[in-house]
Amino acid sequence: MKKIISVVLFLFLIGCFAPSNREANFYYIKPVPQAEQTIQLSKLLNIGIQRVEIPPYLDRPQIVIIQGDSSELTVSEWNRWSENLSTMLQRTISEDLSIYLPKAFVKPYLSSQDNFDYTILVEVNKLDARFENKNTGKLVLDVYWFIFNQDNNQIFQKRSQLIQPLTGGYENLAEQISFLMGQLSKQMAQEIKRLTSK
């Protein structure tokens, strides 16, 4: 009897500690491929994008989704972001703005030594992927964003709420986040244009 128990225990431990053959999938958020219409500025500008603030529940390598009408979050071990989500959003906005504003030099704000005409701060209030079933749902992007001038004075603020349908799994989710970040960046580009036209 003791021998049988020992064998069962041994097999159980092997199952617990044996490496899984399954590999995680990694996704990234892409900039817009091109702007349907670029926004022309009257002068060259240097624009800095500060680190994007995200809620703690999103600040993890794993992709987080919500099932149906529940308030329960699902954290996928096998579907992950290719890098820190905040850093990826910061760079995506920088690249999107560069496309929408071809006369602007846009880059992530990484050092206080940088000299920008405008800096933009983005606070993500919500980036929720809510799936009704395996392949359909909606993505909700709710952000506050602020523009500061060269003297670091806030000159503009806005809350943007954008919704996009989801028609697939995690790859489609990454594509739709890319699309909504492009729409958000377009709003920012339009506001920069308005500010420089005063």
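The largest cavity in this predicted model has a volume of about 80 Å³. A cavity here is a set of points, on a 1 Å grid over the protein atoms alone, where a 1.4 Å probe fits but cannot get out. Its volume is the space filled by probe spheres set on the points, with grid points joined across faces, edges and corners. A search of the whole structure turns up 1 cavity of 30 Å³ or more.

Before we look around, a word on the ground rules. Because this is a predicted model, local features need pLDDT of at least 70 and side-chain atom pairs count only at pLDDT 80 or more, while totals for chains, interfaces and linings use all residues. Residues are numbered from 1 along each chain as its sequence is written, and side-chain values use heavy atoms, leaving out hydrogens and water.

**The chain as a whole**

The chain holds 3 helices and 8 strands. Helices (H or I, at least four residues) and strands (E, at least two) are DSSP runs numbered from the N terminus. Along the sequence they follow the pattern α-β-β-β-β-α-β-β-β-β-α. Of the 198 residues, 41% count as buried, meaning under 20% relative accessible area with a 1.4 Å probe and protein chains only; exposed is over 50%, and partly exposed lies in between.

The mean pLDDT, the predictor's confidence in each residue from 0 to 100, is 89 for the chain, and 90% of its residues reach 70 or more. A contact means heavy atoms within 4.5 Å. Where pLDDT is low, the predicted coordinates should not be read in detail.

**Around the cavity**

Lining residues have an atom within 4 Å of a cavity point. For the largest cavity they are L58, Q62, I63, V64, W81, L85, L127, A129, L139, L173 and I177. By class, 10 are nonpolar, 1 is polar and none is charged. Nonpolar covers Ala, Val, Leu, Ile, Met, Phe, Trp, Tyr, Cys and Pro, charged covers Asp, Glu, Lys and Arg, and the others, Gly among them, are polar. β3 (62-67), β6 (118-131) and α3 (170-196) each supply at least two lining residues, and the largest share, 3 residues, comes from β3.

**How the strands pair**

Two strands pair if DSSP finds at least two bridges between them.

| Strands | Sense | Bridges | Residues standing opposite |
|---|---|---|---|
| β2 and β5 | parallel | 5 bridges | I49 and P108 |
| β2 and β6 | parallel | 3 bridges | G48 and T119 |
| β7 and β8 | antiparallel | 12 bridges | F148 and Q154 |

**Two asparagines to visit**

N152 sits in the loop between β7 (137-148) and β8 (154-166). In this hairpin, which has 5 residues between the strands, N152 takes a positive phi near 65°, a positive value in a residue other than glycine. N152 is exposed, with a relative accessible area of 53%.

N172, in contrast, is found in helix α3. N172 counts as buried because its relative accessibility is 11%. Leaving aside neighbours within four places in sequence, N172 is in contact with L166 and T167.

Definitions and conventions
1 Å grid on protein atoms, 1.4 Å probe; cavity = no way out; pocket = protein on both sides within 12 Å on 5 of 7 lines; lining within 4 Å.
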